[in-house]
Amino acid sequence: MTATRRSTGQHHGDLRNALERAALSLVAERGPHGFTLAEACRRAGVSVSAPYKHFADREALLASLAIKGYREQQRRFGAAVAATEDPAGQLAAFAAAYVRFAAEERALFDITFLAGLDKDRHPELHEAGTELFDTLVPVAGRIAPGEAAALDLLVRIAAAAHGLALFLQQGMLPPGRDTLADAEERAARTARALVEQERRGY
């Protein structure tokens with residue numbers, strides 16, 4: 001029997017991925033709030049009833065993409081941390097990788113952090129975020145003794161990197177220092193400064 005194809009050439013079996021790719025391209029164009037599920041269907045070349053086989057609504061589709069965002073972060077951050085054994089260098093590399101992820105995967109970044117997804121409704125998002133931090137807390141724990149102190153240090157470094165990522169996106173960095181490379185360097189430098197503060201006890 002010949003498999004039925006949609007107008008885009010997608011197999012029925014690839015419906016989930018087709019919808020995710022369509023939603024990702026729409027987010028890249030309009031942001032995470034700028035499209036409807038029906039538009040994602042049209043972009044994927046499927047009927048408006050098709051997504052309900054996989055996603056209850058638009059938020060469920062975005063939640064699935066947010067999980068992909070967390071997994072991509074974990075892959076990138078893991079590779080960055082593995083490049084050195086020095087914990088300060090590892091946290092600096094994490095901060096730089098955070099900024100690069102936001103720049104290179106802006107749609108995933110926006111979905112993960114700016115879509116306003118309900119983590120009570122989608123507990124898998126909370127689990128993915130916790131898992132991501134859990135892989136990095138031991139690195140911070142080599143500098144800040146105790147799980148609470150290590151988590152606090154990691155949050156401060158992540159918050160600084162997040163702010164720099166948004167500043168870069170919005171053109172808010174100083175002229176002449178507004179490239180991705182500059183933002184990565186600034187994030188790494190800030191991480192090292194926070195590590196030094198932690199080591200000095202203030």
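Let me start with Arg100 and Glu184, whose side chains meet in a salt bridge at 2.7 Å, N to O, a salt bridge being a side-chain nitrogen of Lys or Arg within 4 Å of a carboxyl oxygen of Asp or Glu. Arg100 belongs to helix α4, residues 87-104, and Glu184 to helix α8, so this pair ties together parts that are 84 residues apart in sequence. When I say helix, I mean a DSSP run of H or I with at least four residues, numbered from the N terminus, strands being runs of E with at least two. Arg100, at 29% relative accessibility, is partly exposed, whereas Glu184, at 15%, is buried; buried stands for under 20% relative accessible area, exposed for over 50%, and partly exposed for what lies in between, with a 1.4 Å probe and protein chains only.

Please keep in mind that this is a predicted model, in which local features need pLDDT of at least 70 and side-chain atom pairs count only at pLDDT 80 or more, while totals for chains, interfaces and linings use all residues. Residues are numbered from 1 along each chain as its sequence is written, and side-chain values use heavy atoms, with hydrogens and water left out.

The pair I began with is part of a network of salt bridges that links Glu72, Arg75, Arg76, Arg100, Glu104, Glu105 and Glu184, and the structure as a whole holds 20 salt bridges. Another of them joins Arg21 to Asp14 at 3.1 Å, N to O, with Arg21 partly exposed at 44% and Asp14 partly exposed at 21%. Within helix α8 itself, Glu196 and Arg200 lie four residues apart, about one turn of the helix, and they form a salt bridge whose closest N and O atoms are 2.9 Å apart. Here Glu196 is partly exposed, at 33%, and Arg200 is exposed, at 54%.

Leaving aside neighbours within four places in sequence, Arg186 is in contact with Leu164, Leu173, Pro174 and Arg177, where contact means heavy atoms within 4.5 Å.

Returning to helix α4, Ala92 lies there and is buried, with a relative accessible area of 4%. Not counting residues up to four places away in sequence, Ala92 touches Ala188, Ala191 and Arg192, and the C-alpha atoms of Ala92 and Glu185 are 8.8 Å apart although the two residues are separated by 93 residues in sequence.

Finally, a helix pair: the axes of α3, residues 58-82, and α6, residues 123-141, come within 9 Å and cross at roughly 10 degrees, the axes being lines fitted to C-alpha atoms over the stretch in contact, and the angles running from 0 to 180 degrees between N-to-C directions. The two helices are therefore roughly parallel to each other, a term for angles under 35 degrees, with over 145 counted as roughly antiparallel, 65 to 115 as roughly perpendicular and the rest as oblique. Among the residues that make the contact are Ile67, Tyr70 and Phe77 of α3, and Leu125, Leu132 and Val139 of α6.
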